[in-house]
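The sequence and the structure come first, and the description follows.

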Amino acid sequence: MKTFTYYDYIKCIHTLRLNAVLQLAEEGTEYKIRQKNRQDKLVKKILKDEKEMARFINEFLKPNQKVESKNLIKYPHHYRSKKYKIKEVDFIYQLKNKEIFFLVEHQSSLDPNTPYRMLNYCIDIMQEWSRSRKIKKETQYPIIVPIIIYTGGEKWKIPKNLKEKQIGDYVFENYKISLAYNLIEINKLSTKFLLQKRSMFGYGMIIEKSRNSQELKENLHIIMKNIEDKKQLEKLKEIILYFIGNFIEKATQAELLEIIETKIKMEKYDKSNL
């Protein structure tokens, strides 16, 4: 699991002056508001739930100790910069009573500026964290876990560490900024692998990967064979309504919902006869 620590932060601001970093990020980059696509909506719909976020962390990052959903707190994911511009990321969670943050960004297309953008987000979190406390000699600084969820079709060719994007210079090699982010490439993950996770994120990504209505129905049947929990079936119905409603014809949507409702009724019947 790749992290961004206060040591990395200090090394960064001593290598490139913090004001210069922020100025370059704000003035040298053109920020465009893109229409939210269906993958983005799906990722946000699922991971805004603390239980699903905990499953996601445990299944895809494999921390040394499992993260409990009761210990996850949503952290503000938008910041007002020095020049009064709003910068926003998809999700930031903090571990309760710990200075550990999970920064989640979804991408459906390649962005060559990703390493630098993640660096800026990490710096923003560090700054936001430091505003609410007085730094003392014994103060321990936070750890940030940056995560990219990539659902695009092209192969990810962007370096996973910022220092790989910096110029090569033997004399000053040690002064490069090291920021490695965790990359999860959905299209590299098989349906079997995602099913094994038994999470709504895994099921949602199987749905997202469906190329047409027929494949969607087939995948839905596969998912439901894997689900034995009524709550997950209800969440699956929510995904169909929330995510697919605007992308498939009403008749197909109704058919998919009927498949789920039938499974839910069967679950109720089986339990009532125990």
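A search of the whole structure, which is a predicted model, finds 16 salt bridges. Side chains of opposite charge can pair when their charged atoms come close. Three of these pairs are set out below, each with the distance between nitrogen and oxygen.

| Salt bridge | N to O distance | Relative accessible area of each residue |
| K235 and E52 | 3.7 Å | K235 27%, E52 2% |
| R133 and E99 | 3.8 Å | R133 33%, E99 28% |
| R131 and E128 | 2.6 Å | R131 57%, E128 26% |

The salt bridge between K235 and E52, with its closest N and O atoms 3.7 Å apart, links distant parts of the chain, since K235 belongs to helix 9 (residues 230-244) and E52 to helix 4 (residues 50-60), at a separation of 183 residues. E52 is buried, because its relative accessible area of 2% falls under the 20% cut-off, whereas K235, at 27%, is partly exposed.

In the pair formed by R133 and E99, the side chains meet at 3.8 Å, N to O, and here too distant parts of the chain are linked: R133 sits in the loop between helix 5 (114-131) and strand 7, while E99 sits in the loop between strand 5 (91-95) and strand 6, 34 residues apart. R133 is partly exposed at 33%, and E99 is partly exposed at 28%.

The pair of R131 and E128, by contrast, lies within helix 5, where the two residues are three positions apart, or about one turn of the helix. R131 counts as exposed because its relative accessibility of 57% is over the 50% cut-off, while E128, with 26%, is partly exposed. Elsewhere, salt bridges with shared partners join D49, E52, R55 and K235 into one network.

On the surface, Y170, V171, F172 and Y175 form a nonpolar patch whose accessible area comes to about 580 Å² together.

How values were computed. Residues numbered from 1 in each chain as written. Predicted model: local features only at pLDDT ≥ 70, side-chain atom pairs only at ≥ 80, totals over all residues. Heavy atoms only, no water. Patch = residues over 30% accessible without salt bridge, like charges linked within 9 Å, V, L, I, M, F, W, Y side chains within 5 Å. Areas by Shrake-Rupley, 256 points an atom, 1.4 Å probe, with all protein chains shown as cover. Salt bridge = Lys/Arg side-chain N within 4 Å of Asp/Glu carboxyl O. Helix = DSSP H or I, 4+ residues; strand = E, 2+ residues; numbered from the N terminus. Buried < 20%, exposed > 50% of the residue type's maximum accessible area, 1.4 Å probe, protein only.
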